[in-house]
Amino acid sequence: MSGTPRTGAPFIVTSRTGDATRPPMEEGHTLNAYLASGGYQGLRKALTMNPEEVVAEVLASNLLGRGGAGFEAGRKWSMVRPNPVRYLVINGDESEPATFKDRMLMERDPHQLVEGTLIAAYAIGAAQAFIFIRGEFALGMERVIAAVNDAYRHGAIGANIFGSGFSVDLVVHPGAGAYICGEETALLESLEGKRGYPRIKPPFFPAAIGLYGEPTVVNNVETVSNLPWIVSNGGAAFAALGQGRSTGTRIFALSGHVVRPGNYEVEMSKLTFRDLIFDPELGGGVRGGKSVKAFIPGGASAPWFGPDQLDLPLDQDAVGKAGSMLGSGSVIVMDSDTCAVRAAWRIARFFHRESCGQCTPCREGSGWIDKVMRRIEDGQGREEDLDLLMDACDNIAPGVSWPPAQTTICVLGPSIPSSVAWSIRMFRDEYLLHIKEGACPCP
Amino acid sequence: MAGLTPENLARARETVALYPQPRSALIPLCHQAQAQEGWLTPDAISQIAELVGVSAAEVRGTASFYDMLHLEPVGKFLIGVCTNISCMLGGAYELLAHAEDRLGIRCGQTTADGTFTLEEMECLAGCDGPTCVAVNYRYFPNQDESTFDTLVDDLAAGRLDGDVPCHGTVSRVDRTVTLMAQRDEVLAERAASDRARSERQAAKEAKG
Ligand SMILES: Cc1cc2nc3c(=O)[nH]c(=O)nc-3n(C[C@H](O)[C@H](O)[C@H](O)COP(=O)(O)O)c2cc1C
Ligand code: SF4
Ligand code: FES
């Protein structure tokens, strides 16, 4: 295996075998275990620096956001509107289908998340921080709340933390079951006690007008979980891992028809999708020795790839150039027996169920697509249905290209064509066979 | 029936105090009310409305947006079977059909004795263990028909009561600390820090 481990840790972490970043993992979530492995040293070091020096380290690390959009964390922090009240909100809503790395980070390593959150709060001068946790993550919630209680007692949160003169409070906030609340402005609405309707940008960029109208930084759980390491080891050390803009390590959530589904933390850009799927220490190959029919490189919102793209590196820009995205870092593998229509339908149905309904193309389009796809899968399709589907996609994201054109308030809508249109383009014959035979032809 | 108990009312007030604006506590309070009754009773909704300073209709309207908040009673155990992409590739729909047979109810229904409610779920972020089943949001990964039957038997016999609390209990760990950073002190601190920062910036510019 090529790649460099993060300090003190096997660099492969899988939720399957019980390995993870910080042994011994059974107690890895407790304060004592965390302190024994150097926990809270990053925060202590950050507090000896000026906030702008912390920002400079993170800029030097070129840490890209791990929530989906891949925006540089340091740059996001630099854009916060100057204002006495600033908020930090950590996005732990993780609901993108096939993404399960933030859940692991919250359950296994809650103190790392808390420490990272506090470092970010110090860097941006946040008056108060929140960790928004997906409501379904009962265990994650218990672990993070316990970590916050313990961190207060340890003097890491509250007034004058570690005697530094910096004060900050941290509140864990539960979601209540709505994928759209992962979108940062919907998340802020939800945190304000409202329905999770995304806000229109501009003007509602959180850095300008965020929580309660005050400037706010929203960062993903995995993004801030990298901060203790970056501050302890320096931004340059992080940037020395990976290649180009894709620096450091990243957790890839691998699922579908692989022998060893799980979370794998690997150095960015150094491995290919083929390595991730087939390496015996990673995915271990396709189940039953079958071949890859298609894979999705970055969560259900990302356009599909065929086996010809398996040799692409796990690199944000390379995947972007090839016409999809690394997105939330989740890779879904479909073997040669998979019904492409059924797989695409299930993803389309998800978006239909989760559309918040504010924008007509998203609300109506997703409903149509769900129905028509279902009808094809059930053998009731007509040949015109394929044009109908492509038209519906074109209505949501004109041109149906990647990155998609946006006619809607948020990018949930424009993500709908990623499975529908791309599967039609790749597997048109299979769609037609469903229609001709009046039944799903797959095993 | 079924307003918040005095202890839960006290807990609700502490929760409200954690937020800069009371309305932010609306969803946490809904969870707390559900932990007590399993669903949002009209009485609880009125109490929450009063605690966060909005109308009961507003609480109900907000709650109805969220899958986890229930305006109707729910079984003691809410069994959720994920059928999203990774679980589907691992046979989730077959398991869901089996679950309907086993429990004798359709998705969305509750057994006559009020023990089980069955729901089809979107991705639970347990995709490394397909099919992922959650009971009151406690996860049981890698389910097949036979493990599912055992799970249902164990739940019915109360053998999992220690692992799976009654419906509505999201976190069994409570926050035990109040806010410590006094707001006006924090603001003064930030103002001083911002001033120091611009002075450093100015000094740097003067030098370079
Ligand atoms: C529909 C939708 C769902 C999203 N869900 C999540 C999510 O569950 N977790 C997350 O961190 N970001 C999610 N995002 C991205 C966030 O809007 C935001 O970009 C991210 O939290 C920023 O953090 P980062 O810069 O650290 O990546 C979602 C975006 C959209 C449009
Ligand atoms: S695109 Fe869809 S989910 Fe996003 S705001 Fe519009 S209707 Fe809501
Ligand atoms: S697809 Fe079932 S848990 Fe993710």
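In strand 2 of chain A, Ile133(A) is the bridge partner of Gly92(A). Helices and strands here are DSSP runs counted from the N terminus, with at least four residues (H or I) for a helix and at least two (E) for a strand. This is a predicted model, where local features need pLDDT of at least 70 and side-chain atom pairs count only at pLDDT 80 or more, while totals for chains, interfaces and linings use all residues. Residues are numbered from 1 along each chain as its sequence is written, chains are lettered from A and ligands numbered from 1 in the order in which they are written, and side-chain values use heavy atoms, with hydrogens and water left out.

Back to strand 2 of chain A. Strand 1 (residues 87-92) of chain A runs parallel to strand 2 of chain A, and six bridges join the two. Two strands count as paired if DSSP finds at least two bridges between them. Strand 2 of chain A is also joined to strand 3 (residues 169-174) of chain A, again by six bridges and in parallel. Here, Val172(A) in strand 3 of chain A is the residue opposite Ile131(A).

Strand 2 (residues 128-133) of chain A is mostly covered, with six of its six residues buried. "Buried" stands for under 20% relative accessible area, "exposed" for over 50%, and "partly exposed" for what lies in between (1.4 Å probe, protein chains only). In a regular strand, side chains alternate between the two faces of the sheet. In strand 2 of chain A both faces are covered: Gln128(A), Phe130(A) and Phe132(A) are buried on one side, and Ala129(A), Ile131(A) and Ile133(A) on the other.

Helix 5 (residues 101-108) of chain A is largely enclosed by the rest of the structure, because seven of its eight residues are buried. The buried residues are Lys101(A), Asp102(A), Arg103(A), Met104(A), Leu105(A), Met106(A) and Glu107(A).

Phe166(A) sits in the loop between helix 7 (138-153) and strand 3 of chain A, and it is buried, with a relative accessible area of 6%. Ala178(A) belongs to the loop between strand 3 and helix 8 (184-191) of chain A, and at 11% relative accessibility it counts as buried too. From Ala178(A) to Ser355(A) is 177 residues in sequence, with 9.3 Å between their C-alpha atoms. Phe166(A) and Gly285(A), by contrast, are 119 residues apart in sequence and 50 Å apart in space, C-alpha to C-alpha.

Chain A also has an open sheet of four strands in the order 8-7-10-9, with mixed pairing. Its edge strands are strand 8 (262-267) and strand 9 (292-296) of chain A, each pairing on one side only. From one strand to the next, the twist averages 30° (axes are lines fitted to C-alpha atoms, for helices over the stretch in contact, and angles run from 0 to 180 degrees between N-to-C directions). Strand 9 of chain A pairs with strand 10 (residues 330-335) of chain A in the antiparallel sense, over four bridges. Within strand 10 of chain A, Val333(A) is the bridge partner of Phe295(A).Chain B has its own open sheet of four strands, in the order 2-1-3-4 and with mixed pairing. Strand 2 (116-121) and strand 4 (138-140) of chain B stand at the edges with a single partner strand each, so one side of each has no neighbour in the sheet. The twist averages 25° from one strand to the next. Six bridges link strand 1 of chain B with strand 2 of chain B in parallel, and Glu119(B) in strand 2 of chain B is the bridge partner of Gly80(B). Strand 1 (residues 77-82) of chain B also pairs with strand 3 (residues 133-135) of chain B, in the antiparallel sense over three bridges.

As for nonpolar cores (sets of buried Ala, Val, Leu, Ile, Met, Phe, Trp, Tyr and Cys residues joined through side-chain atoms within 4.5 Å), the largest has 186 residues, and Trp304(A), Ile369(A) and Ile79(B) have the most contacts inside it. A second, separate core has 22 residues, including Val258(A) and Val331(A).

Ligand 2 is surrounded by 13 residues, the closest being Cys356(A), Gln358(A), Cys359(A), Cys362(A) and Cys410(A); a residue is near a molecule or strand if one of its heavy atoms lies within 4 Å of it. This shell divides into eight nonpolar, five polar and no charged residues.

Finally, the confidence values. The predictor gives the complex an ipTM of 0.97 and a pTM of 0.96. Chain B has a mean pLDDT of 96, and 100% of its residues reach 70 or more, pLDDT being the predictor's confidence in each residue, from 0 to 100.

Conventions
Ala, Val, Leu, Ile, Met, Phe, Trp, Tyr, Cys and Pro count as nonpolar, Asp, Glu, Lys and Arg as charged, and the others, Gly among them, as polar.
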